[in-house]
Each structure stands twice: as structure tokens, then as C-alpha cells.
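Trainee: I would like to learn how to read a helix pair and a ligand site. Please put the model up.

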Amino acid sequence: MEYQINKICCIGAGYVGGPTMAVISDQCPEIEVNVVDLNVSRVAAWNSNDLSSLPVFEPGLADIISRRRGVNLFFSCDVEKNIALADMIFISVNTPIKTSGIGAGMASDLKWVESSTRQILKHAKGKTIVVEKSTLPVKTAKTIKSILESNIDNLTNSFSILSNPEFLAEGTAINDLTNPDRVLIGGEDNYAINALINIYKNWVPNEKIITTNLWSSELSKLSANAFLAQRISSINSISAICETTGSNINDVSKAIGMDRRIGSEFLKAGPGFGGSCFKKDILNLVYLCQYYGLNEVAKYWQSVVNINSWQKERISKIIVKNLFGTISGKKIGIFGFSFKANTNDTRESPAIEICKALLEEGAILQIYDPKVSHDSIKRELPANDELERPQNDKCGHWIYSTTSLESAKESDAIIILTDWDEFRNYNWKKIYEVMRSPSWIFDTRNIIKNPNHIKSLGFNLWQLGIN
Ligand code: UDX
Ligand code: ADP
């Protein structure tokens, strides 16, 4: 007998839960999808009539929300009721790195996973399939399972646990969800596995849906992210060699990427990887290796994170060095604060560490990003009154700019930190005119394709892995 899913509940209306459930509701109009979250203002934003103020910016998302919301897709804070009504529950809550206690700085904080699992145990009715969707350390399903099986006296309720890692990348989430490279389902209960397969079968070809045991599924997610991040650290390490040897990182990337065995994607040098997953997942892997005494493996993966930190430090130093060794009191325009283009997400953005380093040197940063709000930057950077005074008494601070021209005004340098398309099409002559001379552009994303034109306008130009 096939298990028919009529009602889905997703706990967590964040960057994963929101877009994933939007696509499921769009592809499976016969299923009612309820996305629940404790955060009242986030839920209100998902329900807002103004589709430009949804909590997550993703190309294509607003169209789906306008099609499905109120039809078979609902956002609410009513966690208990929707858990009780659901045949299948996705856990898509936040799992940040622990900040204190055992595993601080390395292991994921499973506080939110645990509390949502306890809510499921308390309110679920009948047979419920629980799907682990957040990025989680290997063996988390075991924790979920032991909580859900703790109430063995209740014979009317039963649970099956599946791992169904999400591989979407921000900025391309809707396309990744609609045309996934693969869908991975880990579990032991064939009945539950088939129920989830039946959902994906509505739009994903059979051969792209693969099943494994729970642990292989969880480890595959960590490993995929570790491999992707490793490619970025590898190319970033080569960018530093290019700068010292007179090679060009774009040419090197192209040349190595044309080898079929290597492939051309994820070879773009930059200021370092950001986002909520890469660092967290690698550190989880490192923690897991250390736990099992695999110290050499732990060191190997730790080095990927180390190179990432080093890349940000070395870029900050290059900027200070080129601006005559001091940036105290100098205005600097920051172009881009999100961790990559086409998202408003700033988690682990390389812009954070680079801006902090420049603020410590006493710079006045004028920060512009097409999608990141003032409030989001406030959450990532120290408040201006908290910034320490450098020795010469000129205090570093930052200002939010609403346009790129405002950000460039009277500045000595522009630092391009995110690869937003709009930066590629700027009228750099206009920007040059509002800046102070000598004017610099530090292009950490290599978006400027005609350096001679930029130099002819009067700019000094530094590009990553080229000079
Ligand atoms: C990543 C994984 O790609 C995705 O499969 C997983 O589900 C979640 O983590 P995401 O963090 O959203 O997705 O973005 P991604 O496109 O992978 O970029 C991560 C970071 O690497 C960004 O800061 C990006 O700018 C940087 N990057 C990416 C590079 O510097 N160079 C590249 O060639 C690719
Ligand atoms: P991700 O990028 O993994 O989607 P986010 O931080 O964007 O992470 O979203 C996770 C969401 O989960 C947050 O909006 C948070 O309020 C919500 N959340 C966490 N714990 C619970 C819970 N027990 N019940 C309902 N929502 C929760």
C-alpha cells in the first residue's frame, strides 16, 4: 500500500524551509503545505501583501508565493495545530555553531532541533513521517529517533525518521529545487521512503532520486559541502601565488577547469566562501573526525577553513598597504555585503571580517548592498560606539549607504566584495568623479572585465590573483 501524504508541516520558515516548501506546494497542488515558525515577524513577512518584503530574497520565489499562498501554502505561528494535522513533518530549523560548552566553535547547536522534535513528540497524531531537512551533523537522526521513541507507552502514535538533505544554493534556490542534480533520501522504513519519493516523483525524474541509509545520507551532505568549499580554498590559495608570480588567476582557472576530470564550476577565486553551510559543515566534519580519533583527516579538512580565514586577512592587509599603510579616518566605499550575489543573506559573509579589519584600522566605511538591509549589517558589525579608538584617536565607524554613488562619495577606495551583476554595469566615470584622488578600486571578485578602461579613467586598480 502506498502512503498518501495529504498534509505537510514544515517547522522553520527560513532560507531552507521557505523556498523548499514553496516549490513542493507548487509541484504538488493536491498537498496542503503549512510552514510554521515561532518568529512572529518572520511569519508576518511571509504573509505580507508586499512581495518585495518577503524574509528571503530568491529570484522566482515571489512568483510562486503569489501563486500558492492561501491556496495550498500557508505560513503561521500555529506550530502545535499544524504538527497534529500533518502526515509528514520537515524539520528546517537553524543549526548554528555552538558558541559555548563542549564542541564550542565546532559542533552544531542542536538546541532548536531538539526542541522542535519534542514539540513533534507532544503534538503529533497517528503515524507521522519526520524528515530531517536542516544541515546536521552525522547521527542527528539518532537523536531525533531516541526522543521520538521515548514515549513507547503511546501505542496510537508512531514515527519514521528520514534524512533528506537539501542541496540548494542561495540565489539559485528555486532553480536548484525545481531541477535538482539529485534528491537524496536516507532511512530504514521503506513505507516512509516511498511516501517521500512519491512527492518528489511529481517533478524529479526517477533516476535522480537516490536512497541510502540514514548515516550515508547525513555524511553525503557534509562531504558535498566540504568538497565544494575545498575547491574554493584551493583556487584562493592559487590566487595568492598568481599575485606573486605574475600569473592570472582567471586564466589558470579556465585552463584547469577545461580538464573534464576537474570541471569548470566552483573555481572562481574570491574573498573566501561565506554562507551558513560551508564553514559549519566542515567544522562538523572536523569535530566528527576528532571524536573518532581520525586526527590527520581532521587536520586536512581544518586547513580548508584556515585558508578561507587567511584569504580575508591577506586582502585586508593588501588594501591598507596600498592606501599608504594607513586608512585611519579615510572613507572607503564597500560595494556588496551579502555572502554572494542574488541573496540578502549575510551569514558568514567575507565582507564581515574584511570590514571589521578595516574598522579596526580606523576607516570610515560607507556600505552599500543592493539587497542587504541596514538592520542586517547592524547584526554583523560592531555598533559604532563599541569600536575601539585606534592610537591616533581617529575612530573607525561605518555608515549605511542607499546608493553606490553615496557609498563612493569622498572615498579613497571602493572595495568590491560581492559579485552583484549591477556592479558590472556601473558608469565608473561617474563614480570616479565623486571620489578623492588617488582613487582605488579593490576588486576581490574580478568582476571588472576591462581593466584598461578603468585605469584610463584615472583609477588605481587591484584585482584578486592578477596583480
Ligand atoms: C552551499 C552549497 O552550494 C549548497 O549545495 C548547500 O545546500 C548549501 O551551501 P550556498 O552557501 O548557498 O550553497 O552558496 P554557494 O553558491 O555554494 O557559495 C558559497 C560561497 O562560496 C559564497 O560565498 C560564494 O561567493 C563562494 N564561491 C562559490 C566562490 O568564492 N567561488 C566559487 O567558484 C563558488
Ligand atoms: P536555514 O538557513 O537553515 O533555513 P534560518 O535561520 O533561516 O535557517 O531559519 C530557521 C527558522 O527556524 C527560524 O526562522 C527560526 O525561528 C525557526 N525555528 C527554530 N526553532 C523552531 C521551533 N522549535 N519551532 C518553530 N520554528 C523554529
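Trainee: At what angle do helix α12 and helix α13 pack?

Mentor: Axes are lines fitted to C-alpha atoms, for helices over the stretch in contact, and angles run from 0 to 180 degrees between N-to-C directions. Helices are DSSP runs (H or I, at least four residues), numbered from the N terminus. Here α12 (residues 295–322) and α13 (residues 350–360) pack at about 40 degrees, their axes 9 Å apart. That makes α12 oblique to α13. Angles under 35 degrees count as roughly parallel, over 145 as roughly antiparallel, 65 to 115 as roughly perpendicular and the rest as oblique.

Mentor: The model is predicted: local features need pLDDT of at least 70, side-chain atom pairs pLDDT 80 or more, while totals for chains, interfaces and linings use all residues. Residues are numbered from 1 along each chain as written, chains are lettered from A and ligands numbered from 1 in the order written, and side-chain values use heavy atoms, without hydrogens or water.

Trainee: Which residues in α12 and α13 meet?

Mentor: Contact means heavy atoms within 4.5 Å. Lys312, Ile315, Ser316, Ile319 and Val320 of α12 meet Pro350, Glu353, Ile354, Ala357 and Leu358 of α13.

Trainee: Which residues are closest to ligand 1?

Mentor: A residue counts as near with a heavy atom within 4 Å. Of the 19 around ligand 1, the closest are Phe167, Leu168, Glu170, Lys268 and Arg445. A polar side-chain atom of Arg445 lies 2.7 Å from a ligand 1 oxygen; a polar contact is a pair of N or O atoms within 3.5 Å.

Trainee: How far is Asp37 from ligand 2?

Mentor: A polar side-chain atom of Asp37 lies 2.6 Å from an oxygen atom of ligand 2. For Arg347, that distance is 3.0 Å.

Terms used. Helices (H or I, at least four residues) and strands (E, at least two) are DSSP runs, numbered from the N terminus. A polar contact is a pair of N or O atoms within 3.5 Å; within protein, one must be able to donate a hydrogen and the other to accept it, and residues adjacent in sequence count only if both atoms are side-chain atoms.
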